[in-house]
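Hello,

Here is the structure I promised to send over. Have a look at it first, and then read on for what turned up.

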Amino acid sequence: MKSYILKRILLGLLVLSGVIVITFFLARIMPSNPAAQWVGPRATQEQIDKATIELGLDKPLHVQFGKYITSLFKGDLGVSLRSKQPIIKELKAYLPPTIELVILSTFMAVIIGVPLGLNSANKKDQVLDHFCRFFSVGSVSLPIFWVALFLQLIFFRWLGALPIGGQLDTKIRLLYEIPHHTGFMLIDSLLDGNLIIFKDAFRHMILPAVTIALYPIGLVARMTRSALLEILSEDYIKAARSYGLKERLVLWKYALKNSLGTTITVLALSIGYTLVNTFLVEAIFSWPGIGSYIATAVMSLDYPAIMGVTLFSACSYILLNLIADIIIALDPRVRV
Amino acid sequence: MNQSQFLKTLKPKFKEFKVSLYLLKRNRLTKIAYYGVILLMLIAIIVPILLPSSKHVNQDTHPEDKLLEPSLQHPFGTDELGRDILKRVLIGTKISLKTALIAVGTALLIGVPLGAIAGFFGGIIDEIIMRFTDIFLGFPPLLLAIAIASFLGPSLKNAMLAIAVSWWPWYARIIRGQAVTIKERQFVKAAKAIGAPSSKIIFKHIIPNCVAPLIVQASMDIGSVILTIASLSFLGLGAQAPAPEWGLMVSTSRNYFLNAWWYSIFPGLAIFFTVLAFNLLGDGLREILDPKTRKN
């Protein structure tokens, strides 16, 4: 097992370095001239030439790559062409709101998706099962950017129940001091004991979190269902049932435990999906996270910013998959 | 081989196809999806012919009729330039289906030969190609497409390319898995024994025998590819205005939708139903082709 984990880590490192190489060379196929962007639209040729040297773009490609790698090791992702700020600093500022959303929707995916899949497998081909199957196919077929607009229409325009976007109400921003400890608005407001900010932050989070959670809920429900369908037909479940154990105990303890491997893999996968889905949704809700950040970067061709977000997301995805694989490898049944 | 002989070899395949079709239509949901997909294809083919103004769908503006509510004359309402949304949604069908097919086709063109080569030769070649696919799969879905499309510059063509580049590893993996078992079969060994060149064995014996799982995977992917194209267009990385592309229409509607709900609702529903139809059909296909779940 140790050798498997070691091999898996090595593969992760290989994939990571491949991802870095691909990202670097992808950014170099860009047709527009980054130096011209750096100095702005009204710059003279002289200024552009100067910027080209300043940004190191006059050097041969392998030298540029070497410089990129060494600065990566120092934790330097370059400087944004748009704001002239270090990317890493901007990422740090934009990350917490996104992580907050991702955690909340993953949480929803687990507490809704797992019971849905479980009950659907247990009552195969009954009404709930049909609903679950339709829901899981439907939720992966929905264009989530459209769901976001739709929910805004219903809950903001028609019902007036929830705010249309942003993290906090402007009134609250003016009336109270906004806490800054961890960057996570919910946690910060609790730390300060300010329940009014907490409530408002939570209200602002509902729509984006629900929008993003739809996809992973469907995914988790579907995978849990198919894993449990196999498990429920196994002998030990029949034995447990024939002993007269409570149905709840059989399902939630004996059956679910065995499907944990699948669920963990799916969760790693769905966090990856969720992260990228925030790219489509955050801008709609004016949510100040990396999704909004990359959306603006894409529009303004801010290539260091795009590279930075790409690398960050790919790294977290690789790491998540690695963790999932290691957890599964620790399972005594697959130990070799 | 003359023509009648050729037809004869096709006959069992045709029969098998009919059996599959029968099994496919037994599930009610799959049956609906099946007809839905056929309907979509018909729309994609016929609408551009039927609607004489389809070529001018972008110029067909009536500023005096802008943002009209759905009515008999405009069942889906009109957009900010007074263009009929129903017409644009119908014409958009062709764009979505065509781009999805081309993107999946390109991904197959890259992935299939690479996967077959990896599986057939094994050893170091296999190792190199498969680690390469691992690297591409190291990017979260959609992210690589976003990165490529934004670096190449926004256009529908680049979006298709971006999707193909981020999708091929899946096909390479499937084909490789198949090729590894097929290369041990008698007919491949026989071909090797009579000295057939490797390229011929790969393209004449290995790839044709991997078609079934590929069709399933590709048909399941069409739905997600359509969704990805719409998402890229929504981000401004795919189709460019004034193309009647669904994702782009939803994106433009953002400025108006609070007072004109129909503008974003209908193009979005078009995406949803199209993707749903393809996904349900793909699900049904997988169920009947997978011997584990196939009943009788």
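How many helices and strands does the secondary structure of chain A come to? The count is 15 helices and zero strands. Please keep in mind that this is a predicted model.

A few words on chain A as a whole. The C-alpha trace spans about 85 × 55 × 40 Å along its principal axes. Chain A has 336 residues, and 38% of them count as buried. If you take the contacts in chain A with a separation of 6 or more, 72% come from residues 24 or more positions apart.

Next, the place where the two chains meet. Here 39 residues of chain A are in contact with 38 residues of chain B. On the chain A side, at least two residues each are supplied by α1 (2-28), α6 (127-141), α7 (144-158), α13 (260-281), α14 (290-299) and α15 (303-329). Which of these gives the largest share? That is α1(A), with nine residues. Sorted by class, the side of chain A that touches chain B has 31 nonpolar residues, seven polar ones and one charged one.

I also took a closer look at α6(A), one of the helices that supply residues to that side. With 15 residues, α6(A) reaches 21 Å from its first C-alpha to its last, close to the 21 Å expected at 1.5 Å a residue. Its buried residues are Cys132(A), Arg133(A), Ser136(A), Val137(A), Ser139(A), Val140(A) and Ser141(A). What covers them comes from both chains: it includes α5 and α10 (195-232) of chain A, and α9 (211-234) and α11 (261-289) of chain B.

Helix α5(A) runs over residues 87-122, and its axis comes within 8 Å of the axis of α6(A), crossing at roughly 135°. The two helices are therefore oblique to each other, and their crossing is left-handed. On the α5(A) side the contact is made by Leu116(A), Gly117(A), Asn119(A) and Ser120(A), and on the α6(A) side by Leu128(A), Asp129(A) and Cys132(A). By class, the residues of this contact are three nonpolar, three polar and one charged.

Best wishes

Notes. Residues numbered from 1 in each chain as written. Chains lettered and ligands numbered in written order. Predicted model: local features only at pLDDT ≥ 70, side-chain atom pairs only at ≥ 80, totals over all residues. Contact = placed C-beta atoms within 7 Å. Helix = DSSP H or I, 4+ residues; strand = E, 2+ residues; numbered from the N terminus. Nonpolar A, V, L, I, M, F, W, Y, C, P; charged D, E, K, R; others polar. Axes fitted to C-alpha atoms, helices over the stretch in contact; angles between N-to-C directions. Parallel < 35°, antiparallel > 145°, perpendicular 65-115°, else oblique. Left-handed = near helix turned anticlockwise from the far one by under 90°. Expected span 1.5 Å × (residues − 1). Buried ≥ 20, exposed ≤ 12 C-beta atoms within 10 Å, placed from the backbone.
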